[in-house]
Amino acid sequence: MENALSPSPADEIAGRVASLYVYPIKSCRGISLSQASLTPTGFRWDRNWLIVNSKGRGLTQRVEPKLSLIEVEMPKHAFAQDWEPDNNSNMVVRAPGMDVLKVSLAKPEKIADGVSVWEWFGSALDEGEEASNWFTTFVGKPCRLVRFDSDSETRPVDPNYAPGHFAMFSDMYPFLLISQGSLDALNELLKEPVPISRFRPNILVDGCEPFAEDLWTEILIDNFTFHGVKLCSRCKVPTVNQDTGIGGEEPIETLRSFRSDKVLQPQKKPQGKIYFGQNMVWKHGFGDGITKTIEIGDSVFVLRKLSSPTEAAT
């Protein structure tokens, strides 16, 4: 059985899944889904691809904010349970002023060595010259598009927080969960409200108190157990307007006033971190290989939680 834990009457119904997102190409626009297939490394198709520079280093909106303008479209049935691509299946990539790029979902034969993203270094699958030329033209510097090679590579997450778990090209962990309540609380403090796309979550939950997710260490979504392993430390990407590719100061400046480590965990030496969202791993993300999905409307049960943000892993 997938999960021996079942909600008991004492378990807290925290809310429901309001939105699901995947970001097939790291730091490009996401795709909103009605259902998403679980894999040990995150939702299927999430951060499978990475744009790298001439040195093989992964590009993100931190340095190239215009990546937010790149739209990605997957085949109509790509998110259906058990769907497999054929030789005619393509990922379609669009950006302002650019011709449409089609990237075959068939496994490329060329290998790109020396690929790195954050602490990880390894090889990846090279998507070829047409994709390279397209991204080079749009970004304005030599680029290549590479795909995570799950047949020959693994990327462990920090074993201090989630030993035995792995990611593809996501920043650090397979899943990021944020609540609508947290976004609403932030937007009440901003002169110009920001959409959830600024924070690039995989799972948006509605129906709980603002920042309730800070405390969640074990939750159940449609009988799948997720562990909250570490609050998400935010960089400057949330300051990038995802519709224009232009950066600013907000919402990070406002978040600093009430979501910094200095405020949330005054007992610890401040590191200048700002937190918004909970990084998660899927507890039973290994085994029989049967596709598993969660969908909008699924109940979220809290099985275990902390009593205060001061206890949260950061």
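**Cysteines, a sheet and salt bridges**

Cys143 counts as buried, at 2% relative accessibility; buried means under 20% relative accessible area, exposed over 50%, and partly exposed in between (1.4 Å probe, protein chains only). This is a predicted model, in which local features need pLDDT of at least 70 and side-chain atom pairs count only at pLDDT 80 or more, while totals for chains, interfaces and linings use all residues. Residues are numbered from 1 along each chain as its sequence is written, and side-chain values use heavy atoms, with hydrogens and water left out.

Cys143 sits in the loop between α1 and β11 (144-147). Helices (H or I, at least four residues) and strands (E, at least two) are DSSP runs, numbered from the N terminus. Leaving aside neighbours within four places in sequence, Cys143 is in contact (heavy atoms within 4.5 Å) with Ile51, Val52, Leu59, Ser132, Phe135 and Thr136. The C-alpha atoms of Cys143 and Arg256 are separated by 34 Å, and the two residues are 113 residues apart along the chain.

A disulfide is a covalent bond between the sulfur atoms of two cysteines. Here it is taken as a pair of cysteine sulfur atoms within 2.5 Å, and the structure holds zero disulfides. Cys28 is in no disulfide, as the nearest cysteine sulfur, that of Cys143, is 10 Å away. Cys28 is buried, with a relative accessible area of 0%. For Cys208, the closest cysteine sulfur is in Cys232, 16 Å away, which is too far for a bond. Cys208 is also buried, with a relative accessible area of 14%.

Next comes a sheet. Strands of a sheet pair through backbone hydrogen bonds, either parallel or antiparallel. Two strands are counted as paired if DSSP finds at least two bridges between them. Strand β7 (residues 90-94) is joined to β8 by four bridges, and the two run antiparallel. Val93 has Leu101 in β8 as its bridge partner.

The last topic is charge. Side chains of opposite charge can pair when their charged atoms come close. A salt bridge is a side-chain nitrogen of Lys or Arg within 4 Å of a carboxyl oxygen of Asp or Glu, and the whole structure has 17 of them. One joins Glu119 to Arg155, with the closest N and O atoms 3.5 Å apart. Glu119 lies in the loop between β9 (111-117) and β10 (120-126) and Arg155 in the loop between β11 and β12 (175-179), so the pair ties together parts that are 36 residues apart in sequence. Glu119 is partly exposed at 49% relative accessibility, whereas Arg155 is buried at 2%. Another salt bridge joins Asp214 and Arg259 (2.8 Å, N to O). Asp214 lies in the loop between β13 (203-206) and β14 (216-221) and Arg259 in helix α3 (residues 252-259), so this pair ties together parts that are 45 residues apart in sequence. Both Asp214 and Arg259 are buried.
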